[in-house]
Amino acid sequence: MSSIEFKLPKMGESISEGTIINWLVKEGDAIEQDQIILEVATDKVDSEVPAPASGVITKILAQVDEVVKVGEVIAKIEVSKDQAVPAKKASAEAKKESPKPAKPKASKKKPSASSTSTSQSYTLNKNQNTYISPLIQNIAIDYHISYEELARIPATGNEGRLRKSDVFKYIEEGRPAQFAQPVPEVDGFKVPDLKLDKGKGEIIAMDRMRQMIADHMVYSKHTSPHVTAYVEADLTQMVNWRNANKNAFQEKYGQRLTFTPLFVEAVAKAVKDFPMINVSVDGKNIIKKEEINIGMATALPSGNLIVPVVKNADKKDLPTIAAEVNALAEKARNNKLKHEETSGSTFTISNVGTFGSLMGTPIINQPEVAILATGIIKKRAEVIEYDEEDKIEIRSMMYLSLSFDHRVVDGFLGGSFLRRVADYFEDFNEKRTI
């Protein structure tokens, strides 16, 4: 018999850590290879983790609610010799596939109390060199570190530049300046500490997903200069076609026909027409994506939002898109989404009309450069121009808004793309067959 280390496995390209939700076994329990032995939560989905080999759990090192990094030892398993070899090989293979930049190595000595007890020193030592290298930016994305927090990390590089070792040392110390309250100066003006009265009431701690969403939203606003454009679209033809065909569609394909797959189909066509909306920014480079993967912001039972993804949406017909949209929405409602179903989006749609909103100003889903919000479809009296005369008719109208990253998407591209989406909505063929 021999003992192997059970490490938190890689659960996706962008996942660097997870929270232990529940151990399904306890110390002394016998386990079988591939048996599900614990549940782990990440910033995207909850995952079940199987045992790497058959044996006995001799030690559990990571407790429930503890945050552990990918590759960190979370348990020890006593296995027979013939089981130990494959486990070691699997560990070696996992190590080869580990994402870059690599996670910081565990420090052999614990940080001193003085280095972690306060964040005041980080607040005072604000970096003067504001250049952030692409490598540092990638690390910041992986660990959800905002630019303000990066600016409070002591820098040891040339001319006060932040080095990779500076950031990893800071992470190892527990990110002591994460919630520090700096007093920035802009042209000699100090932002006053107003000591606002936040009121009294029940204190509700954010769950982990809500904290991660907050980090993503703040990071996105810090990273991308947001501009939002608006158009109004007449969806009468689309609405009439959907209402006339939804029952026949379900009978033929066994799928509900909501507006979401119709939106995904039209947006994918518009993205194909304007490929520079389907990019991401990497330092001073622009990455033009080969695939068109449409994310759709979806509400979870907890009230949090998640973005399941329809991969290669431009290459799929409407029945296929509808089947995927329905399956992803069902999994979201039951918290059954897998990591690969919530990663890889290149453009996102947020249907704020679902909540009765007329329109919205969505925050870009990083590292994308634009996001579309669709408002409520509302019947209104509209003046319709005909050759012979103008007429007032009841039409199904909807507002569309596009938030885009003004670093790489200018007003012409953003406005043209948004108008093209509206045109696809408006020019829907009412005689289309299912």
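Among contacts in the protein chain between residues at least 6 apart in sequence, what percentage join residues at least 24 apart? The figure is 66%, with a contact meaning heavy atoms within 4.5 Å.

This is a predicted model, in which local features need pLDDT of at least 70 and side-chain atom pairs count only at pLDDT 80 or more, while totals for chains, interfaces and linings use all residues. Residues are numbered from 1 along each chain as its sequence is written, and side-chain values use heavy atoms, with hydrogens and water left out.

**Figure 1. The protein chain as a whole.** Eleven helices and 21 strands make up the tally for the protein chain. Here helices (H or I, at least four residues) and strands (E, at least two) are DSSP runs, numbered from the N terminus. Of the 434 residues, 41% are buried. Buried means under 20% relative accessible area, exposed means over 50%, and partly exposed is in between (1.4 Å probe, protein chains only).

**Figure 2. Helix α9 crossing helix α10.** Helix α9 (residues 259–273) and helix α10 (residues 318–333) have axes that come within 9 Å and cross at roughly 125°. Axes are lines fitted to C-alpha atoms, for helices over the stretch in contact, and angles run from 0 to 180 degrees between N-to-C directions. That angle makes α9 oblique to α10; under 35 degrees counts as roughly parallel, over 145 as roughly antiparallel, 65 to 115 as roughly perpendicular and the rest as oblique. On the α9 side, T260, P261, L262, V264 and E265 make the contact, and on the α10 side it's L318, I321, A322 and V325. Sorted by class, that gives seven nonpolar, one polar and one charged residues. The classes go like this: Ala, Val, Leu, Ile, Met, Phe, Trp, Tyr, Cys and Pro are nonpolar, Asp, Glu, Lys and Arg are charged, and the others, Gly among them, are polar.

**Figure 3. Helix α8 against helix α10.** Now look at α10 with another partner: helix α8 (residues 236–253) packs against α10 at an angle of about 80°, their axes 12 Å apart. The two are therefore roughly perpendicular to each other. From α8 come W241, F249 and Y253, which meet L318, P319 and A322 of α10. This contact divides into six nonpolar, no polar and no charged residues.

Figure 4. R380 and E232 meet through their side chains in a salt bridge, at 2.0 Å from N to O. R380 sits in strand β20 (residues 378–385) and E232 in strand β11 (residues 226–234), so the pair ties together parts that are 148 residues apart in sequence. For a salt bridge, a side-chain nitrogen of Lys or Arg has to be within 4 Å of a carboxyl oxygen of Asp or Glu. Both ends are partly exposed: R380 has a relative accessible area of 26%, and E232 has 27%.

**Figure 5. Two other salt bridges.** The whole structure holds 14 salt bridges, and this view picks out a couple. K169 pairs with E173, with the closest N and O atoms 2.7 Å apart. E173 is buried, at 12% relative accessible area. E426 pairs with R419 at 3.3 Å between the closest N and O atoms. E426 is partly exposed at 24%, and R419 is partly exposed at 30%. Elsewhere, salt bridges that share partners join E232, R380 and E382 into one network.

Figure 6. S280 belongs to strand β12 (residues 279–282) and is buried, at 5% relative accessibility. Neighbours within four places in sequence aside, S280 is in contact with N285, I286, I287, K289, P367 and V369. P367 is found in the loop between β18 (347–350) and β19 (370–374). The peptide bond from Q366 to P367 is cis, with omega near 5°.

**Figure 7. Two loop residues with positive phi.** Most residues other than glycine have a negative phi. D65 isn't a glycine, yet has a positive phi of about 75°. D65 lies in the loop between β6 (55–60) and β7 (67–69), exposed at 63% relative accessible area. N312 has a positive phi too, near 50°. N312 is in the loop between β17 (309–310) and α10, and is partly exposed at 21%.
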